Amino acid sequence: MSLLRKTRQAELADRHDLYQRSVQDTGSEIDFVLETWNTLRPRPPELLREDFCGTANTACEWVRRDARYYAIGIDLDREVLGWGERHNVSLLTQEEQQRIELIQGNVLDVFPEPADIVLAMNFSYFLFRTRDELREYFAAVHAGLAPDGIFFLDAYGGYEAPRELEESRECDGFLYIWDQAAFNPIDSSMTCHIHFEFPDNSRLDRAFTYHWRLWTLPEIREVLLEAGFSQADIYWEGTDPECDEGNGVYEVREIGEADAGWVCYIVAQY
């Protein structure tokens, strides 16, 4: 009998690769950004800033779309930025690489050139846990936008959002597990984890952990307006009547369905 230990799949897994494959859909995200910009603005956009950019996957998608497009990605974590440089930026053409810049820094302090578009996706801004902190960030975004710039965010909620629960979803070659581990109803603070499980039953537990506040849409809109934005619209996903599921089409709405769980976009205009 061989005494060699078989390597488990979780030991070989790359958490950033798994995150990109299970959480992000940069193509659809940039489609929405461009469609919305083209509806609201008469000129083409050029510079996109991705806050909390992580691996800069979305910024790379932006510069691939058009030779006129430039991107700046900002993140505090040098390790994740380095991963993005090696695995995402390096796959761009030399010309495309000249149109993207990654900055290790705090989104509250970094003021690159004014952007046409700023993104804060995957609920990243939820890490600001008081109205004052959130307003400071939104004001910093407003100050970093061109006079006709647009700020794109996403948010999630629903009556299961504050519950302590686990949800799993099959991905290509692994199981994605979203774990709402703790929720404090007094201040809406949450601790959430992402785990990954593999066909050999090995697991990558707490591949990512988030300590944040579950912000509501009224709060987010109010703070955006307090921070100087002229308007903040909710883009709600439509429903496919055949399957009673989301149809991937987001439109401005003032009334949404009281679902167990939903994800929407917020579009704030300078």
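Modeller: Let's start with a term: a salt bridge is a side-chain nitrogen of Lys or Arg within 4 Å of a carboxyl oxygen of Asp or Glu. This is a predicted model, in which local features need pLDDT of at least 70 and side-chain atom pairs count only at pLDDT 80 or more, while totals for chains, interfaces and linings use all residues. Residues are numbered from 1 along each chain as its sequence is written, and side-chain values use heavy atoms, with hydrogens and water left out.

Biologist: How many salt bridges does the structure hold?

Modeller: The general idea is that side chains of opposite charge can pair when their charged atoms come close. This structure holds 22 salt bridges. One of them joins the side chains of Asp51 and Arg49, at 2.8 Å from N to O.

Biologist: Is Arg49 buried or exposed?

Modeller: Buried means under 20% relative accessible area, exposed over 50%, and partly exposed in between (1.4 Å probe, protein chains only). Arg49 has a relative accessible area of 2%, so the residue counts as buried. Asp51 is buried too, with a relative accessible area of 2%.

Biologist: Where does Arg49 lie, and which residues is Arg49 in contact with, leaving aside neighbours within four places in sequence?

Modeller: Arg49 belongs to strand β1. Helices (H or I, at least four residues) and strands (E, at least two) are DSSP runs, numbered from the N terminus. Contact means heavy atoms within 4.5 Å. With neighbours within four places in sequence left aside, the contacts of Arg49 are Ile72, Ile74, Pro112, Ala115, Ile117, Val118, Leu119, Val141 and Gly144.

Biologist: Which residue forms a salt bridge with Glu222?

Modeller: Arg131 does, and the closest N and O atoms are 3.6 Å apart. Glu222 sits in helix α8 and Arg131 in helix α7, so their pair ties together parts that are 91 residues apart in sequence. Glu222 is partly exposed at 40% relative accessible area, and Arg131 is partly exposed at 26%.

Biologist: How far apart are the closest N and O atoms of Glu226 and Arg131?

Modeller: In that salt bridge they are 2.8 Å apart. Glu226 also lies in helix α8, so its pairing with Arg131 in helix α7 ties together parts that are 95 residues apart in sequence. Glu226 counts as partly exposed, at 41% relative accessibility. Through shared partners, salt bridges join Arg131, Asp132, Arg135, Glu222 and Glu226 into one network.

Biologist: Now for the sheets. In what order do the eight strands of the open sheet stand?

Modeller: Strands of a sheet pair through backbone hydrogen bonds, either parallel or antiparallel. Two strands count as paired if DSSP finds at least two bridges between them. Here the order is β3-β2-β1-β4-β5-β12-β10-β11, and the pairing is mixed. At the edges are β3 (100-104) and β11 (245-252), each pairing on one side only. On average, neighbouring strands of this sheet are turned by 20 degrees against each other, direction ignored. Axes are lines fitted to C-alpha atoms, for helices over the stretch in contact, and angles run from 0 to 180 degrees between N-to-C directions.

Biologist: How many bridges join β5 to strand β12?

Modeller: Eight, and the two strands run antiparallel. As one example, Asp154 has Tyr265 in β12 as its bridge partner. Helix α7 (residues 131-143) packs on this sheet, touching β1, β4 and β5, and its direction makes about 145 degrees with that of β5. Helix α8 (residues 217-226) packs on the sheet as well, touching β5, β10 and β12, with about 150 degrees between its direction and that of β10.

Biologist: What is the order of the open sheet of four strands?

Modeller: That order is β6-β7-β8-β9, with antiparallel pairing. β6 (165-171) and β9 (203-213) have a single partner strand each, so one side of each is left without a neighbour in the sheet. Strands β7 and β8 pair over nine bridges, and in β8 the bridge partner of Asp179 is His193. Helix α2 (residues 15-22) lies across β6, β7, β8 and β9, at about 70 degrees to β9.

Biologist: Last one: which residues touch the most other members of the largest nonpolar core?

Modeller: A nonpolar core is a set of buried Ala, Val, Leu, Ile, Met, Phe, Trp, Tyr and Cys residues joined through side-chain atoms within 4.5 Å. Of the 55 residues in the largest one, Tyr125, Phe126, Tyr137, Phe138, Phe151, Tyr156 and Leu224 touch the most other members. Strand β5 (residues 145-157) gives the largest share, five residues. A second, separate core has 27 residues, including Trp37, Cys53, Ala59 and Val267.
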